[in-house]
Amino acid sequence: MRSLILIFVYLSKDILKRWLETPGAVFARVLIAISLCLLFLFLQTGFSLTEQAVEKKIQSFGLNTMILRSTSISKTEVRPSLDELLSPLAEKGIYFPFSSLFVNAELSDKKRARVVIYNKYALPALISLMGGIEKVQSPVFLAAYGYPEAMRERIKVHNVFFDAEVVKPPSVLRFISLNKPLLFIPESMAQVFERFSVQESILFLSEDSGELKEIIETTEALLEKEGFDRIELTSPIKWIGELDGIRELRLKAQAIGGGFVGLLIVLIFGSIAIFEYRQNIFATALFKSFGLHSIHLIMRYLIESLFLLFLSFWSALELAKVFHRIVFKLAGFDLELLNLATFNPYQFSENFFLLSLLGVASLVAILPICIALRKPVGKVLG
Amino acid sequence: MGMKEEQFIECNEISFRYGKEFVFDSFSHTFPAGISLIKGYSGCGKSTLLKLIAGYLFPQKGRVVLPHPWGKPTKKFQREGLGFVFQQLNLLPLASLSSNLNLVASLAGISSSIAKVRSDDLFAKLGLVGLKNKKPVSLSGGQQQRAAIARALIKTPSVLLLDEPTSGLDDANTKVIKNLLQTSLPSGCICILSSHDHRLEEIADEIIDFNLRLPVERHLKEVA
């Protein structure tokens, strides 16, 4: 035991002496390892944040929601009516077909509102969405926040005036309102806008979110059969697929990025260790001549390499915390997602993969030394 | 009471070569306890033989038989039973002379108190008392060589191998080393010196002339 302590003290002195003699070699190792760790951490975090953004989108959209938008805007196009074609969906949930007018309404305070034209197929859904028939006293109504409910508002739509009753909009309408007030006009009163282009859309909320995938597939097949080739369909199913894709990509990126980081660390740490070993080869051989096992000498390089890598890993975690907000804000992520108090990907427990990768790289980096140490003492010492 | 078994090192049919050229081809010799001096020109294989006996090189054929209890060169033998002095680069550069001795003593399993007594005795005999806390870099070549011999002797080895111990040393330093070897070798120790220094011949119990082993052409070349 005493001999091991003496050897440990001597080898520690040796490490310290080399560090003081060639600080550049130490800094190069640490800085490169920090940079590589930082890159890897940001790569991982980028994927995590993207996953979270999609999860948030799915959560906010609802797992049972589907929106269909016809991208054809010509009124002269001959085709079946979309709302009538998909009306059987009403049996599967809330089915709200509508047309968005490509002209905005102007409120008395000069604010703009989107114009939604509804027909008989939309009535059951509209009543359900608004929370009952008693909530919709007038056929023309304005779904908007910031106005007293039941207030009468005089609204102008391209030289035509409407008296609309203000109602509180249900949250699900945010997908079609895009944060603007919505003016609802029945089809019978919207004939004056016949010459204007409209976009036909359908908002559908399935009673059973488990059935949504099947409903979407059936709807898509039906639309294709009826010649609706210019339909944009938005649903969480696509995002769930996207999420799976991101997760798969993340694993691949982790493997490739990890391999890249590991390889570079092995090359850099390995070559510097070999360089130092060659400088120190006589002292090492002398130790071996005393009957010391090579494993003790290998430990010197392993401990040094592990220490430097652990220091780099810890520094990279701390630096990542500092630059997290700046980097990912620049990358366009929502600031809400960047709060480290709610999501901190730079904790030790979150980064065992990187830590183990560095451990493996340290081991591989000293392999050339293990091979070099096999050289008989008699061939080194004169 | 049984008689103490005589100790010796036996080289049996040893063959060794660096690259294609044989340094030894079926070399056999028995080294008894006491001082054996191997002399010869550079390159005749003196140092190689010492390294083969120490286990620092491995013969391609044949074997080295070490005295009881060692049998063959192992790590344990190198730690506890062997004292080896290389021609150069003998001391750990970052350790003081005391630490150099302590490290080897502790590897040999010698307690620190015994190591201290022995190192003080060796430092006194080798005139290194005032230098024991110095690092090798601040010592002369002769002082470093004496310290290396002290380090080899601290574990009272049963085999002591010295490769050119007086090479480049003046008469005063050589005399100190000769005296030490004559007076301080552990009982039953097999000491083999490799040297072409004639000053060491007078302390040797046996002299082996490796020049006689050289082929005539190489011998003539070496002489020229």
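This is a predicted model: local features need pLDDT of at least 70, side-chain atom pairs count only at pLDDT 80 or more; totals for chains, interfaces and linings use all residues.

Modeller: Two residues are in contact if their C-beta atoms, placed from the backbone, lie within 7 Å. Leaving aside residues up to four places away in sequence, A150(B) touches L101(B), L122(B), F123(B), L126(B) and L128(B). A150(B) belongs to the largest nonpolar core, which has 99 residues. C37(A), A150(B) and L161(B) are the residues with the most contacts inside this core. The element that gives the most to the core is α9(A), with eight residues. A second, separate core has 43 residues, among them L101(A), F162(A), L203(A) and L212(A). In soluble globular proteins, nonpolar side chains tend to be buried together.

Helix α9 of chain A covers residues 294-330 and also holds W314(A). To count as buried, a residue needs 20 or more other C-beta atoms within 10 Å of its own. W314(A) counts as partly exposed because it has 14 C-beta neighbours inside 10 Å. The C-alpha atoms of W314(A) and Q347(A) are 9.6 Å apart, while the two residues are 33 apart in sequence.

Another piece of packing in chain A involves α7 (residues 236-279) and α10 (residues 352-365), whose axes are 8 Å apart at an angle of about 35°. The crossing of these two helices, α7(A) and α10(A), is right-handed. From α7(A) the contact takes residues including G258(A), V261(A), G262(A), I265(A) and F269(A), and from α10(A) residues including F353(A), L357(A), V360(A) and A361(A). Of the residues in this contact, twelve are nonpolar, five are polar and none is charged.

Between the chains, the contact takes 22 residues from chain A and 23 residues from chain B. On the chain A side, the elements that give two or more residues are α1 (2-21), α8 (281-289) and α12 (377-380). With eight residues, α1(A) gives the most to that side. The chain A side divides into eleven nonpolar, six polar and five charged residues.

Chain B also has an open sheet of three strands in the order β2-β1-β4, with antiparallel pairing. β2 (21-32) and β4 (61-65) of chain B are the edge strands, each pairing on one side only. From one strand to the next, the twist averages 20°. Strand β1 (residues 8-18) of chain B is joined to β2(B) by eight bridges, and I14(B) stands opposite F27(B) in β2(B). Helix α1 (residues 46-54) of chain B lies across β1, β2 and β4 of that chain, at about 120° to β1(B).

Some backbone details remain. Most residues other than glycine have a negative phi, and most peptide bonds are trans. E13(B), in strand β1 of chain B, is not a glycine but has a positive phi of about 50°. E13(B) counts as partly exposed because it has 13 C-beta neighbours inside 10 Å. N159(A), also not a glycine, has a positive phi of about 70°. N159(A) sits in the loop between β6 (152-157) and β7 (160-167) of chain A, and is exposed, with 6 other C-beta atoms within 10 Å. H68(B) and P69(B) are joined by a cis peptide bond with omega of about 5°. P69(B) lies in the loop between β4 and α2 (75-81) of chain B.

How values were computed. Residues are numbered from 1 along each chain as its sequence is written. Chains are lettered from A and ligands numbered from 1 in the order in which they are written. Helices (H or I, at least four residues) and strands (E, at least two) are DSSP runs, numbered from the N terminus. Ala, Val, Leu, Ile, Met, Phe, Trp, Tyr, Cys and Pro count as nonpolar, Asp, Glu, Lys and Arg as charged, and the others, Gly among them, as polar. Axes are lines fitted to C-alpha atoms, for helices over the stretch in contact, and angles run from 0 to 180 degrees between N-to-C directions. A crossing is left-handed if the near helix is turned anticlockwise from the far one by less than a right angle, and right-handed if clockwise. Two strands pair if DSSP finds at least two bridges between them. A residue is buried if 20 or more other C-beta atoms lie within 10 Å of its own, exposed if 12 or fewer, and partly exposed in between; C-beta atoms are placed from the backbone. A nonpolar core is a set of buried Ala, Val, Leu, Ile, Met, Phe, Trp, Tyr and Cys residues joined through C-beta atoms within 7 Å.
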